[in-house]
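Reader: I'd like to learn how to read a model like this one. Could you walk me through it?

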Amino acid sequence: MSQYMTRTGVLPGRAHAGTPLAPPRPRSLGTHSRPRRVAMLSVHTSPLHQPGTGDAGGMNVYIVELAKRLAALDIEVEIFTRATSAALPPSVELAPGVLVRHVTAGPYEGLAKEDLPAQLCAFTHGVTQAWAGRRPGHYDLLHSHYWLSGHVGRLAAGRWGVPLVHAMHTMAKVKNASLAEGDTPEPASRVTGETHVVRAADRLIANTDREAAELLRHYDADTDRVAVVHPGVNLERFRPDSRGIATGRAAARARLGLPQDAFVPLFAGRIQPLKAPDILLRSVAYLLAERPWLRERITVPVVGGPSGTGLARPEGLQKLAARLGISDVVLFRPPVGQDLLADWYRAASVLVKPSYSESFGLVAVEAQACGTPVIAAEVGGLPVAVRNGVSGVLVRGHDPADYARALYGFADDPSLSARMGAAAARHARRFGWDTAAVATAEVYTAALHERRLRG
Ligand code: UDP
């Protein structure tokens, strides 16, 4: 059983004692059978979308990578997602054993995430129709992602009589507890929806012990139904250059047209207040006020596009850079495919992730896997993703002066980046998707087994 699983192999009648934060206690499920086919639900965003902007981010990457690795374990996956264009085919093969099925629910384009709850009945109907077209027992289990899918999952699972495994990815109560200044809180209706899903799920998969504890504290989840599985990173794609980190950095900078001797703190991901790219810009302004000579050799790439509440002010970050007087050192780049993103990570001196809330923070692990250290906020899953003082630096709070101090360390001592980068690459190797998929399959097996015992 995986080292990353803390509560999945708990058989009925053997529920463990202890706190939700108890250390891993591996148990074997022995001969209990795994599901052969899983229906995965991703209502509001498609695994076929480019991550890094709009509603597409880490969850999309998570679903794609997990589904592929499950298929490699002989668990077929069909992913149901809302069709966002009339031109989409009913289904697309993403990889052998992984099918994406487009469900018509509501108008194709121009539907915001906030409007989706009204379309959930239509979506559930579409999923149920797909079910009706299959022989009985075709799907062994439902795995829903994010509360909108969880809502569909609980209706469909009740109808089909199969277990529901759910991953929250983010939680309204957690987000609302640490909003960026002026950001819009998540509505009460989402909290209610999440509460219903938590009650209905046979298993809840949390990214970290901290997320598991939040499920218990904020949503009164049942300890025995919460399993912790760390997400993975694609270690074939995100890896240091085979010639070494320093040579790889030079080569990546040459490919991206970045100066070889520059200090390069990078932001990558969706641009919205929650992710706090503004804190990186403000801390760079601090840095330049204290060390004006750095202006000649600093480049600050921001790779990604507007998302969430950031869509209300798509040019907000560019305007902030202008107000701070640092437009000349900031490079805004639209979202890129992950192979190119790996080059941005390799080229950077350090990745900066000052998020207000983060259930895990895939870009932090991806950057480390490429041999680049990380400066991150000490929130959510980031203390698991980053080893403070070893593979990067964790900062408490969101004061740009504190981030500037962390940046000084890397700007003043270029060898720090190389030293921590090597440790970061080693640390990231803990987070392979194969391990995460095995642990997830074990969660499925435990949920199925418990259902069968209950009859
Ligand atoms: N990403 C990407 N292209 C970009 C920027 C980001 O493919 O230009 C991907 C990145 O590789 C990562 C995901 O988007 O896997 C962001 O995940 P993260 O957990 O950091 O944040 P989330 O989007 O889930 O809030």
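Predicted model: local features only at pLDDT ≥ 70, side-chain atom pairs only at ≥ 80, totals over all residues.

Reader: Where does Arg346 lie, and what does Arg346 touch?

Author: Helices here are DSSP runs of H or I with at least four residues, strands are runs of E with at least two, and both are numbered from the N terminus. Arg346 belongs to helix 10, residues 338–347. Contact means that two C-beta atoms, placed from the backbone, lie within 7 Å. Not counting residues up to four places away in sequence, Arg346 touches several residues, among them Asp241, Arg249 and Thr372.

Reader: Which residues does UniProt list for "binding site"?

Author: The unreviewed entry lists Tyr345, Arg346, Ala348 and Thr372. They spread over 28 residues of sequence, yet they cluster in space, with a largest C-alpha distance of 6.8 Å. UniProt positions follow the numbering used here, feature names are shortened, and annotations may be inferred rather than shown by experiment.

Reader: Where is Thr372 found?

Author: Look at the loop between helix 11 (362–369) and strand 13 (374–377). Thr372 is buried, as 33 other C-beta atoms lie within 10 Å. Leaving aside neighbours within four places in sequence, the contacts of Thr372 include Tyr345, Arg346 and Ala348.

Reader: And how do I read a strand?

Author: In a regular strand, side chains alternate between the two faces of the sheet. In strand 13, Val374 and Ala376 point one way, Ile375 and Ala377 the other way, and all are buried.

Reader: How many bridges join strand 12 to strand 13?

Author: Two strands pair if DSSP finds at least two bridges between them. Strand 12 (residues 350–353) runs parallel to strand 13, and three bridges join them. The chain goes from strand 12 through helix 11 to strand 13 in a right-handed β-α-β crossover; right-handed means that, with the strands pointing away from the viewer, the path from the first strand over the helix to the second runs clockwise. On to strand 14 (residues 392–395): four bridges join it to strand 13, again in parallel.

Methods
Residues numbered from 1 in each chain as written. Buried ≥ 20, exposed ≤ 12 C-beta atoms within 10 Å, placed from the backbone.
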